[in-house]
Amino acid sequence: MFVINETHDSRLTSWVPSANDASCDFSIQNLPFAIFRRSNTDDAFRGGVAIGDQVVDLKLLAETNLLSELAQEAVIACSNSRLNDFMSMGESAWTALRLALSKALRTGSAGQVLMGTCLVPQANIEYSLPCQIGDYTDFYSSIHHATSVGALFRPDNPLLPNYKWVPIGYHGRASSIDVSGQVFHRPCGQTKALDEVEPCLQPCQRLDHELELGIFVGPGNALGKPIPMADAEGHVFGVCLFNDWSARDIQGWEYQPLGPFLAKNFASTVSPWIVTMEALTPYRAPFSHPSDDPQPLPYLSSVENTAQGNISIELEALLQTEKMRAAGEAPERISRSNFIHSYWTIAQMVTHHTVNGCNLRPGDLFGTGTQSGPLPEEAGSMLELSMGGKQTLTLQNGETRTFIEDGDAVVIRGWCKNDNAARVGFGEVVSTVLPARTLG
Ligand code: CA
């Protein structure tokens, strides 16, 4: 786990003026990573770090030789079109590059002129997936989500007895994960209404978003070698926003006995920016289970995890309908939550995933599961907000929703802020639903 250092100092300012705005996600204390290129060019995609409304082109920066030693080795790894090599380098390289970038971007830095030649306005770039995602695992770490969804599927038995012992997850599919801006057709699938005798194939009627965080694996582990809690976060590169699109009617018919399948593998969207674990250090918080719940088994427990395993990350989901977009209206917030409500920490997810010897690889992605909080307005999916489709959500323009309609865009935002630290934001992830393709 990282400790607070000079890069977190809230008094630091940058010579990039927009980074110093208190409402800016991309302060000099943040320095998140993405893969990008200039819009409308055939340039190779390359690594970038956000600062204010600009991005540092890390491929150009590598060529300037402004940085040295390990920081230079790290920035060379970031010149690639995927961040996997950089992710695999581990904490010492990540820290060296973060410190070098922080120093070069600070007000009064001697590196300002050279660094200035590497800046590109974020308004003029397009993003790609930050890395090759080999495997994707989706956890289920919000007990509030698990309980309310469980109540809809199994009213008499909402929370299964393993929930408070096992960080529940399933192996998802990486091929349909794309970066923010993803546009996809409403999926078709096999569903069966309760009052029908037989199922049919039709466009999903209950399309849903899931407000999640994504966790990118850094260095992997050898097959057969579990990662203990003490080492778990050393295997985590950083965190992004994640919308894990779900087809609830397909899910309801197919999910037993083996869990989610086609209800979950047609589209999932990550934010372009990955906030590093080091940048999240000032927002760490103690972790505990309620005293009358089972306490984590010893392999899922550590002194560090109890002291600061949690992270306070504010999250919100917004909806922009086609009509709102046409009228030039901004997306409207439909829920707000915080990752601090998670029943399991990131370290526990890593350790549990590997306790049987399963190997993780650089760039693997974990979804945290839908991050619903304890209050109804903190629900991270339409399934919960609409009480399983029974309650209609009315938007400010009078439109109503129970699930996501064609033309709707869902936006997820996230940020960290407290009195002792600068704002560290995630930007946003947006994806838009098109009508189903014609069956045939
Ligand atoms: Ca999910």
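Trainee: Why is Asp 293 called buried?
Mentor: Its relative accessible area is 12%. Buried means under 20%, exposed means over 50%, and partly exposed lies in between (1.4 Å probe, protein chains only). The value of 12% is under the buried limit, so Asp 293 counts as buried.

Trainee: What kind of model is this, and how is it numbered?
Mentor: This is a predicted model: local features need pLDDT of at least 70, side-chain atom pairs count only at pLDDT 80 or more, and totals for chains, interfaces and linings use all residues. Residues are numbered from 1 along each chain as its sequence is written, and side-chain values use heavy atoms, with hydrogens and water left out.

Trainee: What makes Asp 293 and Lys 164 a salt bridge?
Mentor: Their closest N and O atoms are 3.0 Å apart. The pair links distant parts of the chain, 129 residues apart. Asp 293 sits in the loop between strand 18 (284–285) and helix 9 (303–308). Lys 164 sits in the loop between helix 6 (143–153) and strand 7 (169–171). Helices (H or I, at least four residues) and strands (E, at least two) are DSSP runs, numbered from the N terminus. A salt bridge needs a side-chain nitrogen of Lys or Arg within 4 Å of a carboxyl oxygen of Asp or Glu. The 3.0 Å distance is within 4 Å, so the pair qualifies.

Trainee: Which accessibility class does Lys 164 fall in?
Mentor: Lys 164 has 25% relative accessibility, so it counts as partly exposed.

Trainee: How many salt bridges does the structure hold?
Mentor: The count is 20. One of them joins the side chains of Glu 126 and Arg 37, at 2.6 Å from N to O. Glu 126 is in strand 5 (residues 125–128) and Arg 37 in strand 1 (residues 33–38), so this pair ties together parts 89 residues apart in sequence. Glu 126 has a relative accessible area of 25%, so it is partly exposed.

Trainee: Where do Asp 208 and Arg 248 lie?
Mentor: Take the contact first. Their side chains meet in a salt bridge of 2.8 Å, N to O. Asp 208 lies in strand 12 (residues 207–208) and Arg 248 in helix 8, so parts 40 residues apart in sequence are tied together. Both residues are buried. Asp 208 and Arg 248 also belong to a salt-bridge network with Glu 210 and Lys 264.

Trainee: What makes a residue a donor of the calcium ion?
Mentor: Donors are N, O and S atoms within 2.8 Å of the metal (3.2 Å for Na, K and Ca); water is not among the atoms, so sites may look incomplete. The protein donors are Asp 138 (OD), Glu 210 (OE), Glu 212 (OE) and Asp 244 (OD), at 2.1 to 2.3 Å. Those distances are within 3.2 Å, so these atoms count as donors. Their spacing along the chain is D-x71-E-x1-E-x31-D. Asp 138 in strand 6 (residues 136–139) and Asp 244 in strand 14 (residues 236–244) are 106 residues apart.

Trainee: Are Asp 138 and Asp 244 buried or exposed?
Mentor: Asp 138 is buried, at 2% relative accessible area. Asp 244 is buried too, at 0%.

Trainee: How do you know how many disulfides there are?
Mentor: A disulfide is a pair of cysteine sulfur atoms within 2.5 Å. The structure holds zero. For Cys 118, the nearest cysteine sulfur is that of Cys 78, 13 Å away, and Cys 118 is in no disulfide. For Cys 416, the nearest is that of Cys 240, 13 Å away, and Cys 416 is in no disulfide either.

Trainee: What is the phi of Glu 69?
Mentor: It is near 50°, a positive value in a residue other than glycine. Glu 69 is in helix 2 (residues 69–77). Its relative accessible area is 69%, so Glu 69 is exposed.
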